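Me: Hey, I'm new to this one. Can we go through it together?

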Amino acid sequence: MAAASTFLSAATLVNFPRARSALRTGFIAPFSTHRWRPLDHMGMKKTVGGARKLIIRAAMMESKGASLGLRAPHFELEEPLTGKIWKLDDFEAHPALLVMFICNHCPFVIHLKKDIVKISDFYMKKKGLAVVAISSNSVVTHPQDGPEYMADDAKLYKYPFPYLYDESQEVARAFGAVCTPEFFLFKKDGRRPFELVYHGQFDDSRPSNNVRITGRDLSLAIEAVLSGQPVPPLQKPSVGCSIKWHPEMAS
């Protein structure tokens with residue numbers, strides 16, 4: 001505990017050359033920026049060809065919906081960095097599984113990335129925790145969150161966990177995920193399926209509130225699970241950018 005306390009797709013419609021052009025022109029904020037820049041607004045519409053509209057729904061949100069006791073939904077997703085397909089079954093031998101919904105560009109995720117890596121690396125190597133990160137953002141509206149850039153992000157931050165691409169967004173919907181970052185901690189009890197015991201925040205720190213990043217809330221939950229202790233049911237929701245769902249096409 002002493003060590004832990006120190007931390008206390010619809011199909012791709014935008015090709016990568018166009019995405020790079022957008023990054024150069026400043027039309028979208030590159031994932032490497034650490035300044036908060038609103039990327040879109042709830043209900044913003046863009047006209048395409050004068051006849052059809054992309055209705056983009058996005059806003060800052062709190063995690064919600066998933067109930068404690070939820071069985072971990074099955075997933076089978078590709079890791080852009082390696083091309084490997086990962087499934088829920090790949091983590092069956094571990095005593096607990098942390099599933100994180102993140103992305104490249106979100107300021108709330110960027111704010112925590114280095115500390116997410118520290119905590120994940122510690123518990124994976126020292127405690128046997130399984131960790132997986134998933135990006136479900138639409139590359140139609142946010143090409144900087146596409147698989148090529150996910151691979152770059154994984155290399156840049158040296159993710160010790162697989163960073164998977166949920167192109168169809170079906171996995172995010174199955175988990176009930178609505179924002180980035182969002183954390184789902186599951187425990188394993190023998191042959192029983194993974195059971196959700198923590199669905200809350202990393203800690204109280206936010207990009208602009210000057211609160212030190214500790215990872216306290218998530219660390220305490222992980223410690224409880226791995227030591228066989230109950231996780232308190234009162235859990236603060238995670239706060240972040242809304243998941244960028246594929247745009248609806250309206251005439």
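Me: So are Phe-122 and Tyr-123 buried or exposed?

Reply: Both Phe-122 and Tyr-123 are buried (under 20% relative accessible area; over 50% is exposed and in between is partly exposed, with a 1.4 Å probe and protein chains only). This is a predicted model, where local features need pLDDT of at least 70, side-chain atom pairs count only at pLDDT 80 or more, and totals for chains, interfaces and linings use all residues. Residues are numbered from 1 along each chain as its sequence is written, and side-chain values use heavy atoms, with hydrogens and water left out.

Me: How many aromatic pairs are there?

Reply: The count is 12 aromatic pairs, where rings of Phe, Tyr and Trp (its six-membered ring) pair if their centres lie within 6.5 Å; planes under 30 degrees apart are stacked, over 60 edge-to-face, the rest tilted. One of them is Phe-101 with Phe-175, edge-to-face at 5.5 Å centre to centre and 65° between the planes.

Me: Which parts does the pair of Phe-101 and Phe-175 tie together?

Reply: Phe-101 is in strand 6 (residues 96-101) and Phe-175 in helix 4 (residues 170-175), so the pair ties together parts 74 residues apart in sequence. Helices (H or I, at least four residues) and strands (E, at least two) are DSSP runs, numbered from the N terminus. Both Phe-101 and Phe-175 are buried.

Me: New topic: where is Arg-191?

Reply: Arg-191 sits in the loop between strand 10 (182-187) and strand 11 (195-198). Arg-191 is exposed, at 87% relative accessible area.
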